[in-house]
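Me: Please take a close look at one part of this model for me. I want the helix packing and the pocket beside it, in one connected account.

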Amino acid sequence: AKQRFVPYKMKTPAYSLIIPVYNRPQELDELLACIQTQEFKDFEVVVVEDGSTEDAASIIDKYKESFSLAYFVKENGGQGFARNYAFERAKGDYFIILDSDALLEPSYLTEVDKAVKSEGLDLFGGPDQDHPSFTPIQKAISYSMTSFFTTGGIRGKEKNIGGQFHPRSFNMGISRKVYEATGGFKITRMGEDIEFSIRCISLGFKSGLIPKAFIYHKRRTDFRQFYKQLHFFGRARINISRFFPKELKAVHFFPFLFFSYYVLTGVALLATPVNGLILLTGIVGYSLLIFIAALVSTKSIKIAMLSIFAANIQLFAYGKGFAEEGFKKLVNSTAA
């Protein structure tokens, strides 16, 4: 693969910040600007351009004198393998994976270092939330993705459903020992971070949530992109069950039931409108619940209204992807 390399400073850093990038130079610029303000200075940054057609070379040039920075350009192989590529070249004792659409507070690395040392963590991560500068749609999506009423509230919690905290790759850290024991990501897409977290924990590594090491996560900027992302997440949940069948919990079926209810309501409205209208009251009631909860949380009527769309899109798209991939898995297992 073609490589562009910005040499490291000689000192071995405590942390290597791993950032895979695909056609997002502007987002990378904003993230590197946040990294530049970190109070804790013992780190390097490793950026891997994963087959982008719009590269970030000019962005890298802006920061190469500000902190230890390496920049690699490789053929597209997916985010999981792009992180592995960075792991192989990173110098730190710990690796922190960040999505390019993240923003950090200056205290981020300080909080990470404090928790890692005091709790002896080998696998860790922090929660995500919206930033004041985000658009109303981004804030609505952020609310939906972190709300208890969409099952998003189980993310960023110390205890995962049925086990330890599973860090997600938008804000995930591992020790070098974890990398050496696992070899990194086994799959490159479709739930690769959850599979990796489960595998790390199965090997006995201690996992923990660092609540103060949060990021501002931009996620998607419109509902069409959000739908595509959540549809993919639903498929990914089934993909993870191919590796760890016991990790498919009852809560993961809730979006599928939601999707099925939507389909049943649509069919009933066409076949027997009276019954369809009765079923529709369930969707209206759920939407009203989301509106009230979002209004209390965000203090904004506009964001609360948009949260209705975000929550319904999230559960419908996830449930649809879950159903499609689940059916495919069932057909394949039957054929085998």
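**Helix H5 and its neighbours**

Reply: H5 passes H11 in a right-handed crossing. The model is predicted. H5 covers residues 136–146, and H11 covers residues 301–335. Their axes lie 8 Å apart, at an angle of about 55 degrees. H5 and H11 are therefore oblique to each other.

Who makes the contact? From H5 come Pro-136, Ile-137, Lys-139, Ala-140, Ile-141, Tyr-143, Ser-144 and Met-145. H11 answers with Lys-302, Ile-303, Leu-306, Ser-307, Ala-310, Ala-311 and Gln-314. By class, the contact of H5 with H11 holds ten nonpolar, three polar and two charged residues.

H5 also packs on H8. Here the angle is about 25 degrees and the axes are 11 Å apart. An angle under 35 degrees counts as roughly parallel, so H5 is roughly parallel to H8. The crossing of H5 and H8 is right-handed. On the H5 side, the residues are Ile-137, Ile-141 and Met-145. They meet Phe-223, Phe-226, Leu-230 and Phe-233 in H8. The make-up of this contact is seven nonpolar residues, no polar and no charged.

H8 (223–243) is among the elements that give two or more residues to the lining of the largest pocket. The others are strand S1 (15–21), helix H3 (79–89), helix H7 (192–202) and H11. H8 gives the largest share of that lining, ten residues. The lining has 50 residues in total. Nearest the centre of the largest pocket lie Gln-79, Arg-220, Gln-229, Phe-232 and Phe-233. The space in the largest pocket is about 1,500 Å³. Its lining divides into 17 nonpolar, 16 polar and 17 charged residues.

One further helix pair is H9 with H10. H9 spans residues 254–271, and H10 spans residues 273–298. They pack at an angle of about 145 degrees, with axes 7 Å apart. H9 passes H10 in a left-handed crossing. H9 brings Phe-258, Tyr-261, Tyr-262, Leu-264, Thr-265, Ala-268, Leu-269 and Ala-271 to the contact. H10 brings Pro-273, Asn-275, Gly-276, Leu-277, Leu-279, Leu-280, Gly-282, Ile-283 and Tyr-286. The contact of H9 with H10 has 13 nonpolar, four polar and no charged residues.

How values were computed: Residues numbered from 1 in each chain as written. Predicted model: local features only at pLDDT ≥ 70, side-chain atom pairs only at ≥ 80, totals over all residues. Heavy atoms only, no water. Axes fitted to C-alpha atoms, helices over the stretch in contact; angles between N-to-C directions. Helix = DSSP H or I, 4+ residues; strand = E, 2+ residues; numbered from the N terminus. Parallel < 35°, antiparallel > 145°, perpendicular 65-115°, else oblique. Left-handed = near helix turned anticlockwise from the far one by under 90°. Contact = heavy atoms within 4.5 Å. Nonpolar A, V, L, I, M, F, W, Y, C, P; charged D, E, K, R; others polar. 1 Å grid on protein atoms, 1.4 Å probe; cavity = no way out; pocket = protein on both sides within 12 Å on 5 of 7 lines; lining within 4 Å. Points joined across faces, edges and corners; volume = space filled by probe spheres on them.
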